[in-house]
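User: Hi! I am new to this structure and would like to learn how to read its features. Could you walk me through a few?

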Amino acid sequence: MRPIVLVHGGWGGAWCWQAVIPLLGTARVFAPTLAGLGERAHEPPAGITMRTHVEDVVHVLDHHDLHDVVLVGHSYGGIPITGAAHHRPGRVSDLVYLDALVPHDGQSCADVLGQGFVQAAEAAMAEAGTPDRIPWLFAPEDLLGPDSPHADEVAARMTPHPTGTLFDPVATAGVTARRHYVFCTGSTGLGLTEGFAANARKRAEWRYSEIDGPHDAPHACPGAVAAALVAISSL
């Protein structure tokens with residue numbers, strides 16, 4: 001199996017993949033935590049932008065001299081993996097968007113998510129008094145489905161997200177990797193990813209598949225996520 005690099009979503013960290021990684025068998029697996037999040041939440045948010053998160057992913061590719069990589073982004077992670085593939089097209093063979101955001105060239109995270117999300121983030125920051133960090137905006141049941149045994153753990157471990165990553169545009173031109181969209185069918189209530197999934201489903205250059213689970217599939221159904229990634233990495 002080819003090397004797999006797993007990039008978590010917003011407010012998360014490498015811990016988000018802890019149930020998936022043991023199920024990936026003999027693959028070389030790398031799961032960085034993006035700047036200012038998870039165990040790196042102590043890092044000052046000033047200066048952390050989307051470019052920083054793209055560089056975090058690029059550093060993993062370069063430091064470990066990885067080639068023929070399956071680069072996976074969950075949710076927000078779809079944006080930095082796209083930027084990393086732009087900067088290192090010779091290292092990334094497959095981009096996997098796991099219920100993820102898909103940017104066009106020159107778009108920022110705010111552009112992708114829309115003004116409604118930006119307004120919600122700004123209101124939450126104002127209420128919390130944290131202009132440089134966005135508080136977690138979702139209820140656990142929105143991401144995991146009702147009565148999830150993981151709800152308390154996920155809620156406790158999410159960390160505020162650096163605001164600067166919202167407005168920094170990402171470059172996507174020159175990305176040569178095959179693109180896969182893995183849609184989580186239980187995420188429709190969030191209204192975040194259906195449009196990206198629908199676009200991928202109808203485009204010949206995309207490979208489309210589904211997981212019968214909620215948006216936070218790495219916690220809710222790690223076996224299904226691992227199976228999808230093993231199938232892609234075996235192509």
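Analyst: Happy to! Let's begin with a pair of helices: the axes of helix 1 and helix 2 cross at roughly 65° and come within 8 Å. Helix 1 passes helix 2 in a right-handed crossing. Keep in mind that this is a predicted model.

User: Which residues in helix 1 and helix 2 meet?

Analyst: From helix 1 there are Met50, His53, Val54, Val57 and Val58, and they meet Ile79, Pro80, Gly83, Ala84 and His87 of helix 2.

User: How do I read whether helix 2 is enclosed, and how many of its residues are buried?

Analyst: A residue counts as buried when its relative accessible area is under 20%. In helix 2 (residues 78–87), eight of the 10 residues are buried, so the helix is largely enclosed by the rest of the structure. Those buried residues are Gly78, Ile79, Pro80, Ile81, Thr82, Gly83, Ala84 and Ala85.

User: What covers the buried residues of helix 2?

Analyst: The cover includes helix 1 (50–63) and helix 3 (109–113), along with strand 1 (4–7), strand 3 (69–74) and strand 4 (92–98).

Key. Residues are numbered from 1 along each chain as its sequence is written. This is a predicted model: local features need pLDDT of at least 70, side-chain atom pairs count only at pLDDT 80 or more; totals for chains, interfaces and linings use all residues. Side-chain values use heavy atoms; hydrogens and water are left out. Buried means under 20% relative accessible area, exposed over 50%, partly exposed in between (1.4 Å probe, protein chains only). Helices (H or I, at least four residues) and strands (E, at least two) are DSSP runs, numbered from the N terminus. Contact means heavy atoms within 4.5 Å. Axes are lines fitted to C-alpha atoms, for helices over the stretch in contact, and angles run from 0 to 180 degrees between N-to-C directions. A crossing is left-handed if the near helix is turned anticlockwise from the far one by less than a right angle, and right-handed if clockwise.
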